[in-house]
Amino acid sequence: MEHYSSTKKWLIFCIVIISCSLNFNNIVLAEKFWLKGYRLLLPSTRSGFSPSTINVLDYGAIGDGLTDDSKAFLKAWEQVCKGSSEARLFQVPAGKTFLLRPIKFQGPCKSSSIYVQIEGKFEAPKTMDGWRDSKCVNSWIKFAEIQGLQVNGSGQLDGHGSLWWSNPILKKKCSRPTALLFHQCKDIRLQGLTHLNSPMNHISINQCQNVGLSNLRIIAPQDSPNTDGIDVSSSTNVHIHHSQIETGDDCIAINDGSSLIDIDNVVCGPGHGISVGSLGKDGTHQTVEAVFVKNCTFNGSRNGARIKTWELLCNIFVGAARCPSNPICRDLERERDAPLQPSAVDEKKYAGRCCQRLSPRTRRRKANAHRSVSFADDDGGSGFARNITFEDIKFNKTRNPIIIDQHYRYGGHKPVRRNKKQYFLRRFFPSICKASAVQVSDVMYRNMHGTSATTKAITLLCSKEAPCLNLVFHNVHIRASLPGQVAKAYAENAQVKVLFSTSPRLVFKNYTFG
């Protein structure tokens, strides 16, 4: 009887401990649960297995870097994908440079295992004429609707993105393409390649399941615009590991509809960090959950561990009879490209405010004149970013090592409190500025150390409309890299828990502290 009582006590004790653990940090619940079995979902090469080989040279590819080899590649792909149900190897030999115009490798394929071995070099068109002959496309190289695809080798993909970065005519005619896009693929692996100078994103994973990316090197100039290393959207079970990314934008961006994302042993910098988001642009409902970032290093990057969401703003538009001398009116004039919606505001009052610098006679005339005043919601949406963990992270002269920015707009942080136009609208027309924001919750920062290139070591700028919930800090220590500077930490509209020593100490505004 005593033994039974003792066993029962131990059982109750274990249940209490587990319950408390799950309650204090919801992130841990999903963190390892799916990762244990995840790698089993990825396709792997079987030892001693030799698929039948299709060499692109046998289908007319030249590989001199001058001749367009796109048609030869498509002929070879047709044989690989449609030929038979046995495993096939699409081979691109070493020592050759293949000029490819925008090309699409379309599935589904008869074989459940497609191997693409790239040892040579791919080059995108270097002139406007090379892109002009193709209709505007969203990618340079695209794999679509393929299952069991493995792309590997020591080859190189050069997107010659500088043609797009510096040419406003080409950019105006067509949106910049992603260099390598996987769309609606399942059980895929990409490893070993070097990716250079994409016009936009280097690698995009869209609507895919069970993806493994490893041993990649992605390089673009630090000032190249929007050259994300890896973009993930609407995808699940994605594992990115043992890669080096040096770009002009996010090293890795995790976008809407993504879940179960595992990032491990990635070196980032220069670049804009590993980012969740941006989310909520143009009033959309967007979600990201179950993200685990571990053993990563940020070297001289603009950001480190970042979460970014768009805030809801309001725009006002007034007819052409307005007063251009008023700085607020000039700001409002620039927003004419947004959709217009009629509003029943006090038009005369607003017209008077805009025209306050004119003579009394002119001000009265303009205030009494008929004019159209319109409002439109701009940008911020709804949704959530939750169950996110950053663990065992190193920072080396990172400008913003840890940052949550719920005031993200047009490529940067622009809070409402610094925007005169937005302050004016919220102050005088609060009824048409309806609050909305993406909810950020259950974020764990654990075992993070290093130096910040600025005094901003930890910045948590959360929305007043949707405060950040359950942000947990455990053993986080960041110091300023320059002698004499003191690193600072700031939290706004955030619920924060510090479970173990963290420095610098957080300074709070509008917060709940647990």
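In the predicted model, a polar atom of the S235 side chain lies 3.2 Å from the backbone nitrogen of Q207. S235 is placed in the loop between β17 (230–233) and β18. With a relative accessible area of 0%, S235 is buried. Beyond residues up to four places away in sequence, S235 touches I205, N206, Q207 and C208, and also G257, S258, S259 and I261.

One of the residues in contact with S235, C208, is a cysteine. C208 takes part in no disulfide, and the nearest cysteine sulfur, at 4.8 Å, is that of C185. C185 is likewise in no disulfide, with the sulfur of C208 as the nearest cysteine sulfur at 4.8 Å.

Three disulfides are present in the structure. A disulfide is a covalent bond between the sulfur atoms of two cysteines. One of the disulfides joins C81 to C109, with an S to S distance of 2.0 Å. C81 belongs to helix α4 (residues 70–82), whereas C109 sits in the loop between β5 (103–106) and β6 (114–118), so this bond ties together parts that are 28 residues apart in sequence. The torsion about the S-S bond of C81 and C109 is about -105°, and the disulfide is therefore left-handed. C81 is buried at 0% relative accessibility. C109 is buried as well, with a relative accessible area of 16%; this value falls under the 20% limit for a buried residue.

Another disulfide connects C251 and C268, again with an S to S distance of 2.0 Å. C251 is located in the loop between β18 (236–246) and β19 (252–254), and C268 in strand β20 (residues 258–268). The pair is 17 residues apart and links distant parts of the chain. The link of C251 and C268 is right-handed, with 80° about the S-S bond. Both cysteines of this pair, C251 and C268, are buried.

The remaining disulfide is formed by C462 and C468, with 2.0 Å from S to S. The torsion about the S-S bond of C462 and C468 is about -100°, so this disulfide is left-handed. C462 has 0% relative accessibility and counts as buried. C468 is also buried, at 0% relative accessibility.

C251 is also in contact with H272. An unreviewed UniProt entry annotates H272 as "active site". H272 occupies the loop between β20 and β21 (274–279). At 13% relative accessibility, H272 is classed as buried. A polar atom of the H272 side chain lies 3.3 Å from the backbone oxygen of G248. Leaving aside residues up to four places away in sequence, H272 touches G248, D249, D250 and C251, together with R302, N303 and R306.

Nonpolar side chains tend to be buried together in soluble globular proteins. In this model, the largest nonpolar core has 96 residues. The residues with the most contacts inside this core are F73, W77, F143, F182 and Y445. F143 touches W77 and F182, and also F105, V116, L149, V151, L180, L181, H183 and C185, not counting residues up to four places away in sequence.

Over the protein chain as a whole, eleven helices and 38 strands are assigned. The chain has 514 residues, of which 53% count as buried. Among contacts between residues at least 6 apart in sequence, 77% join residues at least 24 apart. The protein chain exposes about 23700 Å², and carbon and sulfur atoms supply 52% of this area.

Key. Residues are numbered from 1 along each chain as its sequence is written. This is a predicted model: local features need pLDDT of at least 70, side-chain atom pairs count only at pLDDT 80 or more; totals for chains, interfaces and linings use all residues. Side-chain values use heavy atoms; hydrogens and water are left out. A disulfide is a pair of cysteine sulfur atoms within 2.5 Å. Helices (H or I, at least four residues) and strands (E, at least two) are DSSP runs, numbered from the N terminus. Buried means under 20% relative accessible area, exposed over 50%, partly exposed in between (1.4 Å probe, protein chains only). A nonpolar core is a set of buried Ala, Val, Leu, Ile, Met, Phe, Trp, Tyr and Cys residues joined through side-chain atoms within 4.5 Å. Contact means heavy atoms within 4.5 Å. A polar contact is a pair of N or O atoms within 3.5 Å; within protein, one must be able to donate a hydrogen and the other to accept it, and residues adjacent in sequence count only if both atoms are side-chain atoms. UniProt positions are given in the numbering used here, feature names are shortened, and annotations may be inferred rather than shown by experiment. Accessible areas come from the Shrake-Rupley method with a 1.4 Å probe; for residues, only the protein chains shown count as cover.
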